[in-house]
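Please open the structure in your viewer and keep the selection tool at hand, as this tour moves from one selection to the next.

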Amino acid sequence: MMRVGIVGGGPAGLTLAATLRREATKAAPFEITVLERGSANRDQGNGWDLSKTAQEALARAGVDVPAVQRRGSDTARMFKVTNDARPETCMRWPNSLAKLGLKKDQVLEMLNQETSRNEIIHRLIAAATHSDGGSGSVTVRHDCNVSTARRTNDGRGVEILGRNGDSYGTYDVVVDASGIASRLRHCRFSEAADAFYTGRTIVQGIVSSPEKSWHPWLTSRLGEGSMAVAGPAPSGTGIEQWMAQRYGAALEDQHTNINLWCFTEGPNDIPSLLKLEGLHGITSDKDAVKATMDYCVQRLSHEDWPEMYRDAFRAAESIRVLPVFMHPMSELAFAHVVPDSEDLSVISIGDALHALPPWSGTSGNYALTDATELATALLKLREGTEGTCTQEQIAAVLREQEAAFLKRADGPRERCMQVRKISERVAKEMNLRDFSWEDLFLGTEAKDRSWFDLKSLFVIGFVRGMTFLNWLENYGIQPPKHEASAAAAAEPATQ
């Protein structure tokens, strides 16, 4: 029986665990232990829109994918605050195209339905630990503070250690799926290849039901999907981006996150300002919520922002402050491999290996792709060695997979760096009249693009075409669901 230790009980680690157990044969079973540092009942927050490959990975792991997706959430409307009655850009598959028999997945990979991370994890744990079919076992342990991993003295395995030096067991394979805060990445790559701060910090509030606390005009434009509004910074120079997104899988679950994306010199600037140093994840502490939401309200203090946008932050019941990090290109990682670690049976996947920022649109999807491909490789190895294999054979497979995972992330990483540059100029220097959501999509300003840049021309044409077709359908905006008076539901005035 192959012993597999997975550090990190998020979607990637659990997808790997569930797939291995479900597809293992009785002749070559796996004994899998998942070590998660968080508590079993903690709020995981929002998920992401699953690519086709990511959906296939979850389905393979035993998850009913539609059950974790929010129906109707594959819509994003982007406004300017000075004209927030009409989106500047609307990404939504128009009914007119659907009536012609054209399906969204035939045309583009992006713009899928949002998901509930809590529901994904709940269903993956059930699939991993269910005894029906497959072979072997999966044990999920929470509140496990892993510090490092090391080769055993006899060279026949890898031991996982806690922060106090206590042992979490010895394994034939150790998979690090613990995300950007990984403590095992240094088993393979030195500090010179560590993740770097992108200069952006996401300040997020979570509202359980905007229908109960937001202006109905605002909730009607949010709908079941996402909404972004650009408006002036307090000084009038620079742009604030107000963003909201639904993420409850069931339609009756109205949970929504509301965000500001802030540029700072260092990752601890905002946490220090708000006295939230050391805070990890989501908190409902009243003092922390008030301090954080007051900060967001102040950033929307320019007179062009209607009061309803500030009130949306005031309605938050919990918060998270998330400095965004990103790993460097694969070339740098390969240049800083830890000596004598090539034959170590440890591999990182997802953000632990190649973290990408949220604006890449690929981070979570690549993590699930890593997990399902690693599962295939380990299953194939077990079959090819008739259930028994050496540490050298395992390590060789891990190195091959590691290289492929790192290189795959280079393309989106390059684009993310480009988008970051224009985003910083937007946040610090640009006036609202010069701002365009299209520029953020492309990572370049219109004045810097050439008419011979066919890729940019195609993207702009597609986005504008989608927006026009949605204009014919009122952008898919439904009348406010709130039982409010006609005056309350009317378009609000700037306050």
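Helices and strands here are runs assigned by DSSP, and they are numbered from the N terminus. Keep in mind throughout that this is a predicted model.

Begin by selecting aspartate 143, which sits in the loop between strand S5 (136-141) and strand S6 (146-151). Aspartate 143 is not a glycine, and yet its phi is positive, at about 60°.

Next, select lysine 275, in the loop that joins helix H7 (269-273) and helix H8 (286-299), where you will find another residue other than glycine with a positive phi, near 60°. Is lysine 275 buried or exposed? The relative accessible area of lysine 275 is 70%, and because a value over 50% counts as exposed, lysine 275 is exposed.

Finally, turn to the second largest pocket, which has a volume of about 470 Å³. Select Gly72, Arg77, Glu224, Gly476 and Gln478, which are the closest to the pocket's centre among the 26 residues that line the second largest pocket. If you colour the lining of the second largest pocket by residue type, look for eight nonpolar, ten polar and eight charged residues.

Key. Residues are numbered from 1 along each chain as its sequence is written. This is a predicted model: local features need pLDDT of at least 70, side-chain atom pairs count only at pLDDT 80 or more; totals for chains, interfaces and linings use all residues. Side-chain values use heavy atoms; hydrogens and water are left out. On a 1 Å grid over the protein atoms alone, a cavity is a set of points where a 1.4 Å probe fits but cannot get out, and a pocket is an open set with protein on both sides within 12 Å along at least five of seven lines; lining residues have an atom within 4 Å of a point. Grid points are joined across faces, edges and corners, and a volume is the space filled by probe spheres set on the points. Ala, Val, Leu, Ile, Met, Phe, Trp, Tyr, Cys and Pro count as nonpolar, Asp, Glu, Lys and Arg as charged, and the others, Gly among them, as polar. Helices (H or I, at least four residues) and strands (E, at least two) are DSSP runs, numbered from the N terminus. Buried means under 20% relative accessible area, exposed over 50%, partly exposed in between (1.4 Å probe, protein chains only).
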